[in-house]
Amino acid sequence: MAKVYVFDHPLIQHKLTYIRDKNTGTKEFRELVDEVATLMAFEITRDMPLEDITIETPVCPAQSKVLSGKKIGLVPILRAGIGMVDGILKLIPAAKVGHIGLYRDPETLKPVEYYAKLPSDVEERDFIVVDPMLATGGSANEAINSLKKRGAKHIKFMCLIAAPEGVEAVKTAHPDVDIYIAALDEKLNDHGYIVPGLGDAGDRLFGTK
């Protein structure tokens, strides 16, 4: 069954307060999302495998550890997920970045894929799907489905803020995908917004309405 990790690191929680604040402007909001993504990347990579190599320090030969060559792929869900990518790449600069674009069908209200561009070696990579918000879980589930259809076998989902409804939806649909979040909020309101949430992440990242 999927595991859910809620990061309670003081720096993450401090920065998340200002991300939520409606008075935080676009520039500062963007910078804070970037910083929290970096801090979360530090946690989400905790289980990356290591291997021993021999190096020469200025004093003597030494056994030391390096990452064992595991290939990572980042997949932001367009458009808001883009705001988290650079922060993660600061720690994993060799990761390749794919993109999945989704829109909500106005009649069925279900997410529909309109764009997908992924690294060519999908089956060989561990993927991290990123989106600032996990509300109903519809977009997250569709993005994960898109990766699995193309051969991805190891997927994690990372977001800033989640509603319990969205977490349960992803856990039910994808019991093999662990979920990493900075805050688990109270609920969804009647309009599908997370309460207390942070509003529309895409609009706040890009200065649109």
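1. Basis. In this predicted model, local features need pLDDT of at least 70 and side-chain atom pairs count only at pLDDT 80 or more, while totals for chains, interfaces and linings use all residues. Residues are numbered from 1 along each chain as its sequence is written, and side-chain values use heavy atoms, with hydrogens and water left out. Helices (H or I, at least four residues) and strands (E, at least two) are DSSP runs numbered from the N terminus.

2. Helices α1 and α2. Two packed helices are described by the angle between their axes and the distance between the axes. Axes here are lines fitted to C-alpha atoms, for helices over the stretch in contact, and angles run from 0 to 180 degrees between N-to-C directions. For α1 (residues 10-20) and α2, the angle is about 155° and the axes are 10 Å apart. α1 is therefore roughly antiparallel to α2; angles under 35 degrees count as roughly parallel, over 145 as roughly antiparallel, 65 to 115 as roughly perpendicular and the rest as oblique. The crossing of α1 past α2 is left-handed (the near helix is turned anticlockwise from the far one by less than a right angle; right-handed if clockwise).

3. Residues between α1 and α2. On the α1 side, the contact (heavy atoms within 4.5 Å) is made by Leu-11, Ile-12, Lys-15, Tyr-18 and Ile-19, and on the α2 side by Phe-29, Leu-32, Val-33, Glu-35, Val-36, Leu-39 and Met-40. This contact of α1 with α2 has 10 nonpolar, no polar and 2 charged residues. Ala, Val, Leu, Ile, Met, Phe, Trp, Tyr, Cys and Pro count as nonpolar, Asp, Glu, Lys and Arg as charged, and the others, Gly among them, as polar.

4. Helices α2 and α3. α2 also packs with α3 (residues 82-89), at an angle of about 50° and with the axes 7 Å apart. The two helices are therefore oblique to each other, and α2 passes α3 in a right-handed crossing. Val-33, Asp-34, Ala-37, Thr-38 and Ala-41 of α2 meet Gly-83, Met-84, Asp-86, Gly-87 and Ile-88 of α3. By class, the contact of α2 with α3 has 5 nonpolar, 3 polar and 2 charged residues.

5. Helices α4 and α5. Here α4 (residues 138-149) and α5 pack at about 25°, with their axes 9 Å apart, and are therefore roughly parallel to each other. α4 passes α5 in a right-handed crossing. The residues that meet are Ala-140, Asn-141 and Ile-144 in α4 and Ala-169, Val-170 and Ala-173 in α5. They divide into 5 nonpolar, 1 polar and no charged.

6. Cis peptide bonds. Most peptide bonds are trans. The bond joining Leu-78 and Arg-79 is cis, with omega about 5°; Arg-79 is in the loop between β4 (71-78) and α3. The bond from Val-195 to Pro-196 is also cis, with omega near 0°, and Pro-196 is in the loop between β13 (194-195) and α6 (201-206).

7. Two threonines. Thr-45 lies in the loop between α2 (26-44) and β2 (50-56) and is buried, with a relative accessible area of 18%. A polar atom of its side chain lies 3.3 Å from the backbone oxygen of Phe-42. Thr-172, in helix α5 (residues 164-173), is exposed, with a relative accessible area of 60%. Buried means under 20% relative accessible area, exposed over 50%, and partly exposed in between (1.4 Å probe, protein chains only). Thr-172 and Leu-205 are 33 residues apart in sequence and 30 Å apart in space, C-alpha to C-alpha.

Notes:
A polar contact is a pair of N or O atoms within 3.5 Å; within protein, one must be able to donate a hydrogen and the other to accept it, and residues adjacent in sequence count only if both atoms are side-chain atoms.
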